[in-house]
Amino acid sequence: MADAILAAAAKHPKPDLTFQYGTAGFRMKANLLDSVVFRVGLVAALRSRKLGGLTIGVMITASHNPPEDNGVKLVDPMGEMLENSWEAYATTLANAPDAEVENVYHKLEKDLKINPETPARVIYARDTRTSGPKLVAALVDALKAAGAEYTDYRLLTTPQLHYLTRCTNTEGTPQSYGDVSEKGYYEKLGTAFARAIKGKKIVGPVTVDCANGVGGPKLAELVKYLPKGSEGGIDIKIVNDDVLRPETLNHECGADFVKTKQRAPPSSKAAPNDRCCSLDGDADRLIYYFNDPEHGFRLLDGDRIATLAASFIGDLAREAGLAEELKIGVVQTAYANGASTKYVEKTLGLPVVCTPTGVKWLHHAATKFDVGVYFEANGHGTVVFSQQALKAFKIKEPESPAQASALETLRALTDLINQTVGDALSDMLLVETILAHKAWTPREWDLTYTDLPNRLVRVEVADRNMFKTTDAERKLVEPSGLQEQIDALVKKFKDGRSFARASGTEDALRVYAEAATRSEADDLASKVAALCKLEGSIKS
Ligand code: G16
């Protein structure tokens, strides 16, 4: 096997670059990724062996990034993101000189006390990018060289791979998460959705913009398993599902476009008040929106989905007589609109935890609650239920028909919601379920609180790594003095708040600002961006 790794590594030479495991794995221009994907394959084999042969997932995708990018991320056995400490091992292997890959691999094996005789099992999938098949070939070379067993699930959304990883590892156990197949995923969601909306009416269609990514064909498949609008179910109109022209991926459409530009895709033909939503390139983010005849474009982002879900599940828990025993909480990042945080704390009366950007951080914090609702403002998130909550939903004896119905809806939600990771398809069915239960249009949802105007700016700097943050990314510690300048600016704006952080998926700095009015938010964002740009050029 040793020779096999050395020989295989030589076929995937490393370019003269330093690679970083970012917010969601390695991500960059696809033509630079061959050696990285190969080495991630080796890490997957090591991780599986370390865990006694449990199956590890590898997803090849660059999600919201442009078509020429790609990326690779690892999925741990229960469908969570790779354990944090292993990101460092992946980085070490990714940066090892070609001739050293085999030595580094064996050093990790030794240091981590991994038995090379233990079986290694890996499953993998990719999104629709043209660079995908070649990167898959690099991955397979590594898996063969490391002696791992593997299964190719071809094209999947990222959350589908997370689901399959958990199903594979729990198959035949009391914790079984579902049938180990793509069909099993659709069946589970379809059945749970039918149970969750039983007796309720979904008014009008929902138009889903699939970012011209893998979510398009997968949603078309899922629709076959859902009760149809004509039968009291859901009427889904799929748009931007062109996967035959790869250059259209995430181009002027998709969740990232809608959230950052704060407008509908230019191709949208939605009429006023039509319910619309957008997925991103690998269907793990979801953003809703509609056109208000009076106020124009209205965005219902991840913060809105979190508040909607938290209030609905909180109400159900009360109706089911379980409010006292279940700790419900919301997890956000610094990007959460200040008005949403206030709404959760003051109106819903629930605790809010703030973590750094990246689902890995939010998910972890959410598991500390019995019902942990976590969403990034960009639409990435889900709800996780503790074992205690699942047990309570199961064993609670209803004392009235209303309690029985609340309990049944809660049970259906635990199947409908993809608890492994944020899943745009599952989240969309969750939102549709809640709106049907509340008999709300997007307008009523929008009226729950008023967002503070905000702006997100992408700033290109020579070296984004010189910007270092603390306090869940809300403050810069480096370059020194910059935070004080930002604070001085913020003070001049009513309800002003702003922060800057290096992106972990793009070679850029992100600046966020909010303030009492749209023009002030724009002004604050552009002033903070200018400060950062200046600092970035002085120190580089
Ligand atoms: C990934 C992460 C998200 C994160 C986003 C942007 O999303 O999974 O948690 O919010 O990147 O991160 P950054 O600001 O560091 O670039 P996706 O949908 O691109 O995989």
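A residue counts as exposed when its relative accessible area is over 50%, as buried when that value is under 20%, and as partly exposed in between. These words are used throughout the legends below, which describe close-up views of a predicted model.

**Figure 1. A salt bridge joins Asp-495 and Lys-494.** The closest N and O atoms of Asp-495 and Lys-494 are 3.7 Å apart. Lys-494 has a relative accessibility of 55% and is therefore classed as exposed. Asp-495, by contrast, has a relative accessible area of 44%, so this residue is partly exposed. The salt bridges come to a count of 40.

**Figure 2. Lys-360 and Glu-87 form a salt bridge.** In this pair, the closest N and O atoms lie 2.9 Å apart. Lys-360 belongs to helix α12 (residues 359-366), whereas Glu-87 belongs to helix α3 (residues 84-95), so the pair ties together parts that are 273 residues apart in sequence. Both partners, Lys-360 and Glu-87, are buried.

**Figure 3. Lys-218 and Glu-182 meet through their side chains in a salt bridge.** The N to O distance in this salt bridge is 3.0 Å. Lys-218 is found in helix α8 (residues 215-223) and Glu-182 in helix α7 (residues 182-196); the two residues are 36 residues apart, and the pair links distant parts of the chain. Is Lys-218 buried or exposed? Its relative accessibility is 10%, and Lys-218 therefore counts as buried. Glu-182 has a relative accessible area of 23%, so this residue is partly exposed.

**Figure 4. Domain 1 and domain 4 are in contact.** The domain assignment places domain 1 at residues 2-155 and domain 4 at residues 454-539. Domain 2 (186-300) and domain 3 (302-420 + 441-446) are also given by this assignment. The centres of domain 1 and domain 4, taken over C-alpha atoms, are separated by 34 Å. On each side of the contact there are seven residues: seven of domain 1 and seven of domain 4. Together the two domains bury an area of about 480 Å² between them, and carbon and sulfur atoms give 35% of this area. Within domain 1, the residues that lose the most area to domain 4 are Gln-20, Thr-23 and His-64, which together account for 65% of what that side buries. What kinds of contact are counted between domain 1 and domain 4? Four residue pairs, with both residues at pLDDT 80 or more, are in polar contact, while the count of salt bridges is zero. Sorted by class, the side of domain 1 that touches domain 4 has one nonpolar, five polar and one charged residues.

**Figure 5. Arg-464 is placed in the loop between β15 (454-459) and β16 (468-470).** With a relative accessible area of 15%, Arg-464 falls under the 20% limit and is therefore buried. The side chain of Arg-464 reaches the backbone oxygen of Glu-506 at 3.0 Å. A polar contact of 3.3 Å also links the side chains of Arg-464 and Asp-507. Not counting residues up to four places away in sequence, Arg-464 touches Gln-20, Ala-502, Ser-503, Gly-504, Thr-505, Glu-506, Asp-507 and Ala-508.

**Figure 6. Ser-63 lies in the loop between β2 (55-60) and β3 (69-75).** The relative accessible area of Ser-63 is 3%, so this residue is buried. Which residue does the side chain of Ser-63 join in a polar contact of 2.8 Å? The partner is the side chain of Asp-280. Leaving aside neighbours within four places in sequence, Ser-63 is in contact with several residues, including Arg-27, Asp-127, Arg-129 and Asn-250. Gly-281, Asp-282 and Asp-284 are also among the residues that Ser-63 contacts.

**Figure 7. Glu-68 is located in the loop between β2 and β3.** Glu-68 has a relative accessible area of 45% and is therefore partly exposed. When residues up to four places away in sequence are not counted, Glu-68 touches Lys-29 and Ala-30. Along the chain, Glu-68 and Glu-460 are 392 residues apart, and their C-alpha atoms are separated by 18 Å.

Conventions: Residues numbered from 1 in each chain as written. Predicted model: local features only at pLDDT ≥ 70, side-chain atom pairs only at ≥ 80, totals over all residues. Heavy atoms only, no water. Domains from an automatic or database assignment. Contact = heavy atoms within 4.5 Å. Buried area = accessible area lost by both parts, 1.4 Å probe. Salt bridge = Lys/Arg side-chain N within 4 Å of Asp/Glu carboxyl O. Polar contact = N/O pair within 3.5 Å; in protein donor to acceptor, adjacent residues only side chain to side chain. Nonpolar A, V, L, I, M, F, W, Y, C, P; charged D, E, K, R; others polar. Helix = DSSP H or I, 4+ residues; strand = E, 2+ residues; numbered from the N terminus. Buried < 20%, exposed > 50% of the residue type's maximum accessible area, 1.4 Å probe, protein only.
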